[in-house]
Amino acid sequence: MMNLSINTGSNTPIYKQITDQVRMAVAAGKLAVDDPLPSIRALAERLVVNPNTVARAYADLAREGLIESRSGRGVFVTRKRKMFTREEGWRRLEPLLDAVIGEAMVLDFTPPELREAFEKKLGQWKPRKGGSRNDE
Amino acid sequence: MNEQPVIQTRGLTKYFGARPAVYDLNLEVPRGCVLAFLGRNGSGKTTTIRMLLGLLEPTRGEGSILGHDIRALPPEARARIGYLTEEHQLYGWMSVQECGGFQSQFYPRWNEKIFRGVIGHFSLKPAARVKDLSRGERAGLCLGLMLAPEPELLILDDPAMGLDPVAHRSLVESMIYLTRRSDRTIFFSSHQLADVERVADYIAILDRSVLRACCSLETFRNSVRQVRLQFPGAPPPAPKIPGLLQAFRTEGELRLVCVHYNEAVERALRALAPAQMEQMPISLEEAFLSYLGERGEKSFILSETEVQP
């Protein structure tokens with residue numbers, strides 16, 4: 001079971017904390033295709049948050065094609081679908097890369113150090129099982 | 001939630017002498033929502049609640065609750081409303097169980113299972129005397145007494161006040177549990193922004209007797225923005241932009257918190273020619289504090305119907 005937790009008082013709204021964590025868990029292989037997620041009600045009561053907040057997070061994840069609701073059986077991680085074109089993907093990724101590099105420069109990291117850290121991080125991420133990239 | 005609001009007021013006003021405690025209040029609470037009623041002490045929250053429940057005569061204006069005029073609330077409507085006050089009124093010599101038995105006589109619909117469930121959740125013994133209960137335990141008992149008649153509208157006046165962390169968590173859990181019935185509306189006043197973030201879908205903010213916001217929590221969070229402008233030298237003074245809540249000037253940086261951020265505002269900020277300009281996320285607490293800043297502006301009123309930037 002995925003270990004979700006939320007913080008109040010954060011700059012990140014609770015629904016976004018949930019979507020971020022589910023996304024990370026899927027990307028890191030902690031959640032595989034067809035793994036179940038808790039029901040909205042169950043997760044709301046576990047995290048002690050309004051069920052509408054969880055519903056909002058699940059709706060966003062479903063829109064991204066990361067999870068789906070199967071009638072009467074619950075919410076599951078879906079087979080990966082390609083949501084964005086390569087171009088659109090780059091457009092979304094680039095500002096994030098800029099932010100990381102900018103911050104690293106401010107903190108006096110050198111490009112080789114950054115490259116090494118990046119490689120190391122990449123090694124920690126398992127590719128998502130059961131994924132396919134061509135059903136767009 | 002598109003039906004008639006559970007609570008609706010128009011121009012509701014209450015003067016105590018020459019001083020307005022609540023001024024020209026236009027409030028709408030949709031059915032099934034959890035609304036947090038926020039504002040500093042003395043901003044008029046309790047006065048509003050007392051008017052809504054027909055316990056205090058408004059000076060002018062009107063209001064309805066569950067479709068009934070607040071000036072003539074029939075007992076059958078009253079029985080559908082659960083009200084938790086700041087001061088719990090209980091008889092010290094009664095036991096927890098006796099309190100339940102006593103209260104149940106006033107309600108045709110009384111769910112003993114709910115009563116026992118709530119007092120169990122707060123770890124209360126049925127035989128314990130009220131006078132021996134801690135503050136948190138009394139709060140649990142009051143909550144049980146209020147919930148057993150299965151009210152469709154709950155009005156809680158600062159329910160978290162004075163609770164220890166354990167009792168506090170039990171209260172918040174109970175509120176989440178209460179949303180199981182989707183037609184049930186919860187209206188609670190609070191100073192605990194962490195609770196608001198967890199349980200509320202809607203917020204209403206009273207500031208010095210005036211309603212400054214009544215919208216979904218999400219709309220509020222989207223509407224209050226923080227922008228950071230960096231300058232090579234000393235930053236210019238904060239520009240006069242509509243919706244400016246707060247400005248912080250430090251060396252090389254101007255940080256603004258504003259509401260109703262839009263393209264025109266962005267252009268005005270770009271005209272200051274900052275070396276860099278970026279929007280920064282802001283916590284609910286910071287947003288709220290900026291919103292109730294000392295500027296004394298009353299012109300920013302957020303409501304759900306406004307166009308979002």
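Student: How many residues does each chain bring to the contact between A and B?
Tutor: Chain A brings 14 residues and chain B brings 16, where a contact means that C-beta atoms, placed from the backbone, lie within 7 Å. This is a predicted model, so local features need pLDDT of at least 70 and side-chain atom pairs count only at pLDDT 80 or more, while totals for chains, interfaces and linings use all residues. Residues are numbered from 1 along each chain as its sequence is written, and chains are lettered from A and ligands numbered from 1 in the order in which they are written.

Student: Which elements of chain A supply at least two residues each to that side?
Tutor: Those are α2 (40–47) and α3 (51–63) of chain A. Helices (H or I, at least four residues) and strands (E, at least two) are DSSP runs, numbered from the N terminus.

Student: And what's the side of chain A that touches chain B like by class?
Tutor: It has 6 nonpolar, 7 polar and 1 charged residues. Here Ala, Val, Leu, Ile, Met, Phe, Trp, Tyr, Cys and Pro count as nonpolar, Asp, Glu, Lys and Arg as charged, and the others, Gly among them, as polar.

Student: Back to α2(A): which of its residues are buried?
Tutor: A:I40, A:L43 and A:A44. Buried means 20 or more other C-beta atoms within 10 Å of the residue's own, with C-beta atoms placed from the backbone; 12 or fewer is exposed, and in between is partly exposed.

Student: Why are they on the same side of α2(A)?
Tutor: Because they cover an arc of only 100 degrees around the axis, the arc being that of the directions from the helix axis to the C-beta atoms.

Student: What do the buried residues of α2(A) pack against?
Tutor: They pack against α3 of chain A together with α6 (165–178) of chain B. Just after α2(A), A:V48 takes a positive phi of about 55 degrees.

Student: Switching to chain B, how is it divided into domains?
Tutor: Domain 1 covers 7–208 and domain 2 covers 222–297; the bounds come from an automatic or database domain assignment. Their C-alpha centres lie 37 Å apart.

Student: How many residues of each domain are in contact with the other?
Tutor: In chain B, 7 residues of domain 1 are in contact with 5 residues of domain 2. On the domain 1 side, α7 (193–199) and β10 (202–207) of chain B each give two or more residues, and α7(B) gives the most, with 3 residues. That side has 4 nonpolar, no polar and 3 charged residues.

Student: What's the strand order in the open sheet of 4 strands?
Tutor: In chain B the order is β13-β14-β12-β15, with antiparallel pairing; two strands pair if DSSP finds at least two bridges between them. The edge strands are β13 (244–250) and β15 (276–280) of chain B, each pairing on one side only.

Student: Is β14(B) mostly covered or mostly open?
Tutor: Mostly covered: 5 of its 7 residues are buried.

Student: How many bridges join β13(B) to β14(B)?
Tutor: There are 6 bridges, and β14 spans residues 253–259 of chain B. B:A247 stands opposite B:L256, and B:R249 has B:L254 as its bridge partner. β13(B) and β14(B) form a hairpin with 2 residues between them, and B:G252 in the turn has a positive phi of about 75 degrees.

Student: And how many join β12 to β14(B)?
Tutor: Strand β12 (residues 224–230) of chain B is joined to β14(B) by 7 bridges, running antiparallel. One pair there is B:Q230 with B:E253 in β14(B).

Key:
Two residues are in contact if their C-beta atoms, placed from the backbone, lie within 7 Å.
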